[in-house]
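Subject: The structure we talked about

Hi,

Here is the structure I promised to pass on. Have a look at it first, then read my notes below.

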Amino acid sequence: MAIISDDNNFENQNSRQKNPIIKTESIEYDKTFENSIRPKTFEDYIGQSALKETLKITIEAAKLREKPLDHLLFYGPPGLGKTTLAGVIAEQMGADIKITSAPALERPRDIIGILMSLKGGEILFIDEIHRLNKVAEEILYPAMEDFFLDMTTGKSQTVKTLRVPLPKFTLIGATTKAGALSGPLRDRFGIIHRLQFYTIEELSQVIKRTASILDIKITEDGAVAIAKRSRGTPRIANRLVKRVSDFALIKFDGVITDEVANYSLDILNIDEFGLDTTDRAFLNLIIEKYDGGPVGIETIAAALSEDVRTLEDVCEPYLLQSGLLQRTPRGRKVSPEGYRHLGKKVENYQQSLF
Ligand SMILES: Nc1ncnc2c1ncn2[C@@H]1O[C@H](COP(=O)(O)OP(=O)(O)OP(=O)(O)O)[C@@H](O)[C@H]1O
Ligand SMILES: [Mg+2]
C-alpha cells in the first residue's frame, strides 16, 4: 500500500495566505512520533468495536463484489483515530491512499488535479472536510455520485460542458465538526460514523502497545493510571506515556508504575479527570465570573485569550462527555459535578437551565 500525502501542497497553499500556519518543530516531531506508533491493521486498532465489525463486513463484501467501498465519513473530537482508521481501511482493501486536507483544496484545479490522478479502487482521504469551499464541493458531487467530472470549456456563447469519466474511487472524509458539513455533501456518504471516546481499559491497551513499541517499561497499574488521565483519547494517552517515561527514567528506576504515573501527571498539572490547566481555567471562569453560566463561548474565549475553535473542538467535547459542563440554548453552564470537581461549593449552582 502506497501512502501519498500532499503535505507539500498544503504548505504551499499556506505560504500564499496572509497568516501562514507555521509548522513548528514540535508539530513536525509529534507527527513523526504519531506515525511511528500508528496502528496499520484492524488487529492493532484498539476499541471502536462496533464500527470495526461493520467495516470488516463492508470491506469483505466490496472485495467479493470487486467494487470500491462506499464513501465513508468519520467524525469526532481530535485524536480518536479517524486518520488512523483511513489507513487501516486502505491496508485491508489492499488499496493505495492519497491523503489531503480541505484547506489544501482551495482552487478548483487542486481538487480536479487530485481526482484526475486517482487510480481505480484508490482511496482519497480528505481531512477537515467541513472546510471545503463551495466550488470544491460542487466538483465533488458528481465525482462521488457517478464518478464524473463536469468541466466547462470555452467562453460565453461557445461554452460547453464536458463530462470526464473518473476511475471508481472511495472518498473517506474526516471532520471534528459534522454539523458544519453541508447537507448535500453529507448525503453523498454511504457510511457516516462518529468515533467514540475510549474506555480506561481500551486506553490501557493503547498505552501498553505504545510502551512496547518504544521500549518503555510499564506495569499494569501504571498503564491504568495514565489511561485514567487521558481524556478518553489515544493521542493524549500516547503523549502522556512519553512524558511520564521521562520522569520514570530521571526520577525513578525507569519503570512506569501507578506511583510514578500519578507523581509525574500531578507535576504536569493533569488532574485525576485528565483535565489540564486550560480545561480548569475554562470551568473556573464560568463559576467565578458568570455564576456558573450560562455564558456564550465567544465571551469565554475572549476572557481566556483562547481561540473559539480550540475551545469548541478540543476542550469542550470531553468536558461535556464527562458531565462537568452543560450546553444550553443560552450558552455554557458548569454542572454540579463540575463545581465538585474544582472543589467549589455546589450551593452556588443555579438550577435553571435557561
Ligand atoms: N484505535 C486506536 N488504537 C491504537 N492507537 C490509536 C487508535 N486510534 C488512534 N490511535 C493513536 O492516536 C494517534 C492519533 O490518531 P489519529 O491521528 O488517527 O486521530 P484523528 O482522529 O485523525 O485526529 P485529528 O482530528 O486531530 O486529525 C495515532 O497516532 C495513533 O497512534
Ligand atoms: Mg486526523
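What follows is a short tour of what turned up.

Some ground rules: this is a predicted model, in which local features need pLDDT of at least 70 and side-chain atom pairs count only at pLDDT 80 or more, while totals for chains, interfaces and linings use all residues. Residues are numbered from 1 along each chain as its sequence is written, and chains are lettered from A and ligands numbered from 1 in the order in which they are written.

**The overall picture**

The protein chain has 15 helices and 12 strands. Both are DSSP runs numbered from the N terminus: helices are H or I with at least four residues, strands are E with at least two. Of the 354 residues, 33% are buried. Buried here means that 20 or more other C-beta atoms lie within 10 Å of the residue's own; with 12 or fewer it is exposed, and in between it is partly exposed (C-beta atoms are placed from the backbone). Among contacts with a separation of 6 or more, 68% are between residues 24 or more positions apart. A contact means that two C-beta atoms, placed from the backbone, lie within 7 Å.

**The cores**

In soluble globular proteins, nonpolar side chains tend to be buried together. A nonpolar core is a set of buried Ala, Val, Leu, Ile, Met, Phe, Trp, Tyr and Cys residues joined through C-beta atoms within 7 Å. The largest one here has 60 residues, and Ala86, Ile123, Ile207, Ile226, Ala237 and Val244 touch the most other members. Helix 10 gives the most to this core, with 6 residues. Beyond its neighbours within four places in sequence, Ile207 has contacts that include Ile218, Ala223 and Val241. A second, separate core has 12 residues, including Phe282 and Tyr318.

Helix 10 (residues 234-251) also holds Ser245. Is Ser245 buried or exposed? Ser245 is buried, because 25 other C-beta atoms lie within 10 Å. Ile256 is 11 residues away in sequence, and the two C-alpha atoms are 6.5 Å apart.

**Around the ligand**

Ligand 1 is surrounded by 22 residues, the closest being Pro78, Gly81, Lys82, Thr83 and Thr84. To count, a residue needs its C-beta atom, placed from the backbone, within 6 Å of the ligand. Helix 2 (25-37), helix 4 (82-93) and helix 10 each supply at least two residues of this shell.

**A hairpin in the open**

Strand 5 (residues 148-153) and strand 6 pair in the antiparallel sense over 6 bridges; pairing requires that DSSP finds at least two bridges. Thr153 has Lys160 as its bridge partner in strand 6. The two strands form a hairpin with 6 residues between them, and Gly154 in the turn has a positive phi of about 80°. Strand 6 (residues 160-165) lies largely in the open because 0 of its 6 residues are buried.

Most residues other than glycine have a negative phi, and most peptide bonds are trans. Glu128 has a positive phi, near 50°, and sits in the loop between strand 4 (123-127) and helix 6 (134-146). Asn269 also has a positive phi, near 65°, and counts as exposed, with 10 C-beta neighbours inside 10 Å. Gly293 and Pro294 are joined by a cis peptide bond, with omega about 5°.

Cheers
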